[in-house]
Amino acid sequence: DLVSEWKRQSSRYIKLGFARELGLSKEDYLASLPKFEPQPESFRGRFDIPVLVETRIAPSRQAEMVGLGYSSRSGLRVSDWENDPKGYKTPDHPYTTWMQAGKKNLERNLEYVRGTLALDERGATEYDGVALWIANPSVLNDHDIDLPGTSIEFECAPFLRCWGAWNDRPFVSYHAVDVACSGCGSASCGRVAT
């Protein structure tokens, strides 16, 4: 039920203080969030997780707000993956997406995953990854998640890790795109034809 799922995810954003962070009332914040569109038939079994993504707050601040550790990128250039086949650019407003959380790409490096994306698929960005964790923190119970839709200077990309640094709490960090980390899989999103 996409209506109930939208209510659940938007309520999490409210509870985590996103409306307050943006200087909006609860009502105005909810009105600014898009509703889920029905899942395209071609996504079934491939991209089955509906996610509400907030982009008006930087991922580093979102991580801080929701209790994720965040590895500093001070001085490093961070951008959408510049070689995305269709030139994907993260919108400056909230959006919805359909995702897979990386199980299909377990222990494959990001370079490989980027080269094998389907025509209707894009690499999940750091915004998508933080939103996926907000929607369902247990998503990291099975494996860590690479985010191939974001590039970090020196051929790196971000990932979500379940445990380790930051006092044994989940965190966002980054590693080289040619490294396949054990127990890590790249998340991706369905791309709707425009």
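User: At what angle do helix α4 and helix α6 pack?

Analyst: Two packed helices are described by the angle between their axes and by the distance between those axes. Here α4 (residues 59-66) and α6 (residues 126-135) pack at about 15°, and their axes are 10 Å apart. That makes α4 roughly parallel to α6 (angles under 35 degrees count as roughly parallel, over 145 as roughly antiparallel, 65 to 115 as roughly perpendicular and the rest as oblique). Axes are lines fitted to C-alpha atoms, for helices over the stretch in contact, and angles run from 0 to 180 degrees between N-to-C directions. Helices (H or I, at least four residues) and strands (E, at least two) are DSSP runs numbered from the N terminus.

The model is predicted: local features need pLDDT of at least 70 and side-chain atom pairs count only at pLDDT 80 or more, while totals for chains, interfaces and linings use all residues. Residues are numbered from 1 along each chain as its sequence is written, and side-chain values use heavy atoms, with hydrogens and water left out.

User: Which residues of α4 and α6 meet?

Analyst: Contact means heavy atoms within 4.5 Å. From α4, Pro59, Gln62 and Val66 meet Glu126, Tyr127, Val130, Trp133 and Ile134 of α6. By class, this contact has six nonpolar residues, one polar and one charged (Ala, Val, Leu, Ile, Met, Phe, Trp, Tyr, Cys and Pro count as nonpolar, Asp, Glu, Lys and Arg as charged, and the others, Gly among them, as polar).

User: What is the strand order in the open sheet of four strands?

Analyst: Strands of a sheet pair through backbone hydrogen bonds, either parallel or antiparallel. Two strands count as paired if DSSP finds at least two bridges between them. In this open sheet the order is β1-β4-β11-β5, and the pairing is antiparallel. β1 (49-53) and β5 (121-123) are the edge strands, each pairing on one side only. From one strand to the next, the twist averages 45°.

β5 is joined to β11 (residues 188-190) by three bridges, and the two run antiparallel. Within that pair, Arg122 has Cys189 in β11 as its bridge partner.

User: Which helices pack on the sheet?

Analyst: α1 (residues 2-15) does, touching β1 and β4 (95-100), with its direction at about 40° to that of β1. α6 also packs on the sheet, where it touches β1, β4, β5 and β11; its direction makes about 110° with that of β1.

User: How many residues of strand β8 are buried?

Analyst: Buried means under 20% relative accessible area, exposed over 50%, and partly exposed in between, with a 1.4 Å probe and protein chains only. In β8 (residues 156-161), five of the six residues are buried, so this strand is largely enclosed by the rest of the structure.

β8 pairs with β6 (residues 144-146) in the antiparallel sense over two bridges, and with β9 (residues 171-176), also antiparallel, through six bridges. Phe159 is the bridge partner of Asp146 and stands opposite Ser173 in β9. Leu160 stands opposite Val172 in β9. Tyr70 also stands opposite Val172; its strand β2 (residues 69-70) pairs with β9 in the parallel sense over two bridges.

User: Is Glu111 buried, partly exposed or exposed?

Analyst: Glu111 has a relative accessible area of 46%, so it is partly exposed. It is found in helix α5 (residues 110-115). Leaving aside neighbours within four places in sequence, Glu111 is in contact with Val177 and Asp178. Glu111 and Arg122 are 11 residues apart in sequence and 13 Å apart in space, C-alpha to C-alpha.
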